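Here is a short report on packing and charge pairing in one protein model. Look over the structure first, then read on.

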Amino acid sequence: MLAQDLHIHTTWSHGDSAIMAEQTVELVARVGHARIIGISDHFEYLVDDRIDAYADAVRHAGLRVGTEVNGHRWVAAAREAPVEYYVVHCYDTDADYLALERLLDTGRPVIIAHPDALGTQLDHVPPSCFVEFNNRYIWRGDWRAYFGPHVNRFRFVLSSDAHQPHWLNQTIARYVADQLGIQETLVFGA
C-alpha cells in the first residue's frame, strides 16, 4: 500500500478526455491503494456551482479534498473553494509565481504539479511549496538535471496524477525519488 496519493482525477474532471467513466470517487475509495488519499480534480471543471457538491462527495467517501489549479487565472476563485490543499500548474510567468504566494496565504498546502513539463523555474517557487513527482510527466525530460539542484530546497510529494493508462500508480515517480535520494513528505501525516 502506498503512503499517500493526493493527485487523483475522477469523473468530476468531466472535460478531461483522459478520464474514463469508471474513474469515480467511490471506486478510488473502494480500491484504497494508499493510506492517505486525496482527490484533486481540475478546478476549471468545478466552478459552475459544482465545487460544493464535489467537496461533499469526496468527504463522504472519506478522502481528502483538493483541486488542481491551472495557473494564476483560477487562483482568486480557488482560494474560496472548500478544499484542503491545492495541486498547481505553475507556468514560467511572474503572475503564476505571485499566485503561489496567494495560495500559500490560505494556510493550505500547495503542491507544484509536473514543473518540469510546464517550464517552471524552481528557483522562483517559494520553498514552502511541495514539489510533486508523478508518473505522467517525470520521464519526459532530464529529471536529474532539473530536480537535482533543488533536492535540499523543497519537500517532495509522490503522486499518480491518475489519468489513463497508469491510473493509481507511482512506480516511476518512486524510482526517480529513490535515484535522487529524496524521502517522500506526507502532507497530512499518517
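## Core and salt bridges

L100 is in contact (heavy atoms within 4.5 Å) with V88, C90, V110, I112, V125, P126 and C129, leaving aside its neighbours within four places in sequence. A second, separate core of nine residues includes I36, A113, V157 and V187. A nonpolar core here is a set of buried Ala, Val, Leu, Ile, Met, Phe, Trp, Tyr and Cys residues joined through side-chain atoms within 4.5 Å. Buried means under 20% relative accessible area, exposed over 50%, and partly exposed in between (1.4 Å probe, protein chains only).

This is a predicted model: local features need pLDDT of at least 70, side-chain atom pairs count only at pLDDT 80 or more, and totals for chains, interfaces and linings use all residues. Residues are numbered from 1 along each chain as its sequence is written, and side-chain values use heavy atoms, with hydrogens and water left out.

The largest nonpolar core has 50 residues. Y54, Y86, L100, V110, V125, F133 and F147 touch the most other members. Helix α4 (residues 94–104) gives the largest share of this core, five residues. Helices (H or I, at least four residues) and strands (E, at least two) are DSSP runs, numbered from the N terminus.

Now the charged pairs. The whole structure holds two salt bridges, each a side-chain nitrogen of Lys or Arg within 4 Å of a carboxyl oxygen of Asp or Glu.

| Salt bridge | N to O distance |
|---|---|
| E84 and R64 | 2.6 Å |
| E184 and R174 | 3.0 Å |

E84 lies in the loop between α3 (75–79) and β4 (85–89) and R64 in strand β3 (residues 64–70), so the pair ties together parts 20 residues apart in sequence. R64 is partly exposed, at 28% relative accessible area. R174 is partly exposed too, with a value of 30%.

Conventions. Contact means heavy atoms within 4.5 Å.
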